[in-house]
Amino acid sequence: MAATDVDVFSFNTVVLRLLPVLGDITLQICSPSWLSQSSSVASFISRCCLSAPLQLHSLVVTNCLSFRWNEEKRSLNLGGHVGFDSLPDQLVSKSVTQGFCFNILCVGETGIGKSTLMNTLFNTMFENEEASHYQNGVYLRPRTYDLLESNVHLKLTIVDTVGFGDQINKEDSYKPIVDYIDTQFENYLQEELKIKRSLFNYHDTRIHICLYFIAPTGHSLKSLDLVTMKKLDSKVNIIPIIAKADTISKSELNKFKIKIMSELVSNGVQIYQFPTDDEAVSEINASMNALLPFAVVGSVEEVKVGNKTVRARQYPWGIVQVENENHCDFVKLREMLIRVNMEDLREQTHARHYELYRRCKLEEMGFKDTDPDSQPFSLQETYEAKRKEFLGDLQRKEEEMRQMFVNKVKETEAELKEKERELHDKFEQLKRMHQEEKRKVEEKRRDLEEEMNGFNRKKVAAETLSLSQPLKKDKDKKK
């Protein structure tokens, strides 16, 4: 579509906005000087912007002229084979070459069987590191593995919540989990916002599914379980599962399932529902939705039952087979999680949870779809507005810091002057004390000198007296 001969009309601003949505094209030309030139505008549009047969839908003359057309959809018959029917095959080939990624978050208490279930689910032995019950807090431990099955590559990331539920004060146990999920969303958003993006080979670490392990108490959910799932339901797909389901009886298990779902509904916790809009899997997904939460048993031990070897847990009273649907729901979980709905979990993560996070973050940054006048959103205008706002805040903070610095300098000067005055007063006081001490010392010196002079006079007199007495005695003897 070309836009030429725009200078035919005298106007100040021309905004050409094409919105192709299901064949509709909207063209807005805003200029007060065009309010009386609708026919000229129509002829201009017909000459400059119409390269296909379009039908005039509406004409509204207000502060701007708005035109809307409905493009006629025409079905054509091909004269021969073209080849675009191979697009599905091309897509499959490209996807297989690129590989897939799937990220699982396992939330549950220490020792509830998270690692064992993952080993059972993927029929392999992952690196397991036993965690103690004496962790100071909750931390998440992600581990990524490359799996290959029938030439299909899967980059699997399993995130374990180490120390979850082990603290006496469990009030903040969910926060590290929420922070981790938000961090993965933020990393993906930052990659999207880059000028030079590499989403093709970007390792997507967003959590696609949260398997929440519920302790098989047989009574009800713990408050920690309800609070954690409520905090996570808007950020990740949650599938609650009852771990170690072989520890409670069948009747208790059925009642426990009903109790769990009732508590989740009454507390407004939204768990993942298997989609029923696809006719190919709607029936099985609908039936599986009625069986939530799944009661599972995990085991990597192989036990011989009859003539075949199966994965099972052997007890003194019998054997619990992991893949026997009469014993537990492990097969149902594997079918729903991996073989039927893995792609839907990935799509839900991107289209629902990530979009919600992205929208909230962009709204916090000041971006929105429409402005207060219900006009289409302009990224450049918003950027300029945010830039001016940022510069204004920066200038205001700079002025505040400058004023704070000036105040601090004045306060420091006042403190220094006060200390200088105190030192001067102290110096004067010490000077007076020194003079007083000096005067007293001088007086004592004079007194001491007078005493010494008096003593010397007395001494001389005594010596004179002592010399004169022997001479007088000699004279008396001679007489």
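Guide: Axes are lines fitted to C-alpha atoms, for helices over the stretch in contact, and angles run from 0 to 180 degrees between N-to-C directions. Also, this is a predicted model, where local features need pLDDT of at least 70 and side-chain atom pairs count only at 80 or more, while totals for chains, interfaces and linings use all residues. Residues are numbered from 1 along each chain as its sequence is written, and side-chain values use heavy atoms, with hydrogens and water left out.

Visitor: Fine. So at what angle do H7 and H8 pack?

Guide: About 135°, with the axes of H7 (282-289) and H8 (residues 330-340) 11 Å apart. That makes the two helices oblique, therefore neither of the parallel labels applies to H7 and H8. Those H and S labels are DSSP runs, numbered from the N terminus: helices are H or I with at least four residues, strands are E with at least two.

Visitor: Which residues of H7 and H8 make the contact?

Guide: Ile-284, Asn-285 and Met-288 come from H7, and Lys-332, Met-336 and Val-340 from H8. Contact here means heavy atoms within 4.5 Å. By type, the residues where H7 meets H8 split into four nonpolar, one polar and one charged. The nonpolar set is Ala, Val, Leu, Ile, Met, Phe, Trp, Tyr, Cys and Pro, the charged set is Asp, Glu, Lys and Arg, and the others, Gly among them, are polar.

Visitor: And H4 with H5, at roughly what angle do their axes cross?

Guide: Roughly 15°, and the axes of H4 (residues 175-192) and H5 (residues 223-232) come within 10 Å. H4 and H5 are therefore roughly parallel. Ile-177, Val-178 and Ile-181 of H4 meet Thr-228, Lys-231 and Leu-232 of H5. The tally for H4 against H5 is four nonpolar, one polar and one charged.

Visitor: Switching to sheets. What's the strand order in the six-strand one?

Guide: S5-S6-S4-S7-S8-S9, as an open sheet with mixed pairing. Two strands pair if DSSP finds at least two bridges between them. S5 (139-149) and S9 (294-295) are the edge strands; each has a single partner, so one side of each has no neighbour in the sheet.

Visitor: How many bridges join S7 to S8?

Guide: Five, with S7 (residues 209-214) and S8 (residues 238-242) running parallel.

Visitor: Is S8 mostly covered or mostly open?

Guide: Mostly covered, with five of its five residues buried. Buried means under 20% relative accessible area, exposed over 50%, and partly exposed in between (1.4 Å probe, protein chains only). Ile-238, Pro-240 and Ile-242 are buried on one side of S8, and Ile-239 and Ile-241 on the other.

Visitor: Which strands does H5 lie across?

Guide: S4 (100-107), S7 and S8, and H5 runs at about 170° to S7. Another helix, H9 (residues 342-364), lies across S4 and S7, at about 80° to S4.

Visitor: What about the three-strand sheet, what's its order?

Guide: S10-S11-S12, open and antiparallel. The edges are S10 (302-305) and S12 (318-321), each with a single partner strand, so one side of each goes without a neighbour in the sheet. Direction ignored, neighbouring strands there are turned by 65° against each other on average. S11 (residues 308-315) pairs with S12 over four bridges, and Arg-313 stands opposite Val-320 in S12.

Visitor: What's phi at Asn-123, then?

Guide: Positive, about 55°, although Asn-123 is not a glycine. Asn-123 is in the loop between H3 (114-121) and S5, and counts as exposed at 60% relative accessibility. Asn-151 has a positive phi too, near 65°. Look for Asn-151 in the loop between S5 and S6 (152-162); Asn-151 is exposed, with a relative accessible area of 60%.

Methods
Parallel < 35°, antiparallel > 145°, perpendicular 65-115°, else oblique.
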